[in-house]
Number of protein chains: 2
Amino acid sequence: MHHEKLIKTIKERRDVMQVTQETLAELSGVGLRTLKQFESGKGNPTLITLQKLSDVLGLEVCLQLKNITKANETGENTI
Amino acid sequence: MHHEKLIKTIKERRDVMQVTQETLAELSGVGLRTLKQFESGKGNPTLITLQKLSDVLGLEVCLQLKNITKANETGENTI
DNA sequence: ATATAAAGTGTACTATATAGCACTTTTTAA
DNA sequence: TTAAAAAGTGCTATATAGTACACTTTATAT
């Protein structure tokens, strides 16, 4: 997952859960400014920050082999 | 994936590929010290750092829904 | 056993992520 | 169309990640 898609995943998941940036910031313990910067593509969050956000959203950061399947190259069927 | 397991994944993958920390550092453009700190559990790398390392190892950082299946809870069958 | 390679650590500087505040812009409802 | 909510931004202080160098410890061969 490239940077953009990670951001997109977080944003979409937050939207699906109907959580505002402000609420997610509070729930995760991440500063609102940090979340704003990340979602607007201007951040380079630390792993811990990413994990805090992911936790609240029911997501988890993981490492996968690249190209496990050729499916989903278009970015469809994303979480 | 909790922090420890991410580290384990990177280490194991590096071992499988027979790449030393030094070589991985060079290939990825990440400082050797940074890699050492991360692998020894004392780091909190930024997303970009993690991605640089992952790239060289043929891995990718991704976000998954937690508990997609109950399988692999023991940490077996890891990449 | 011991030489060599690989991994880990102390110190210290620089770059930058985090964070809060106040403000602007954009989106969403009424 | 306009008021309210949500998202984005400039500025700035502080904390800490990234980095290099020199060194120690641990693994690995021979």
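Between chain A and chain B there are 2 salt bridges, a salt bridge being a side-chain nitrogen of Lys or Arg within 4 Å of a carboxyl oxygen of Asp or Glu. A:Lys66 makes a salt bridge with B:Asp55, and their closest N and O atoms are 3.5 Å apart. This is a predicted model, in which local features need pLDDT of at least 70 and side-chain atom pairs count only at pLDDT 80 or more, while totals for chains, interfaces and linings use all residues. Residues are numbered from 1 along each chain as its sequence is written, chains are lettered from A and ligands numbered from 1 in the order in which they are written, and side-chain values use heavy atoms, with hydrogens and water left out.

The interface can be described in further ways. Across the interface of the two chains, 19 residue pairs are in polar contact, both at pLDDT 80 or more. A polar contact is a pair of N or O atoms within 3.5 Å; within protein, one must be able to donate a hydrogen and the other to accept it, and residues adjacent in sequence count only if both atoms are side-chain atoms. On the side of chain A that touches chain B, H1, helix H4 (47-57) and strand E1 (59-65) each supply at least two residues. Helices (H or I, at least four residues) and strands (E, at least two) are DSSP runs, numbered from the N terminus. E1(A) gives the most to this side, with 7 residues.

The E1 strands also link the chains. E1(A) pairs with strand E1 (residues 59-65) of chain B in the antiparallel sense, over 7 bridges; two strands pair if DSSP finds at least two bridges between them. In this pairing, A:Leu63 stands opposite B:Val61 in E1(B).

In contact terms (heavy atoms within 4.5 Å), 27 residues of chain A meet 27 residues of chain B.

DNA strand D comes next. Around DNA strand D are 19 residues, of which A:Arg14, A:Gln21, A:Arg33, A:Lys42 and B:Gly31 come nearest; a residue is near a strand if one of its heavy atoms lies within 4 Å of it. Sugar and phosphate make up 57% of the atoms of DNA strand D that come within 4 Å of the protein. In chain B, a polar backbone atom of B:Gly31 is 2.7 Å from a phosphate oxygen of DNA strand D. B:Thr49 uses its side chain, with an N or O atom 2.8 Å from a phosphate oxygen.
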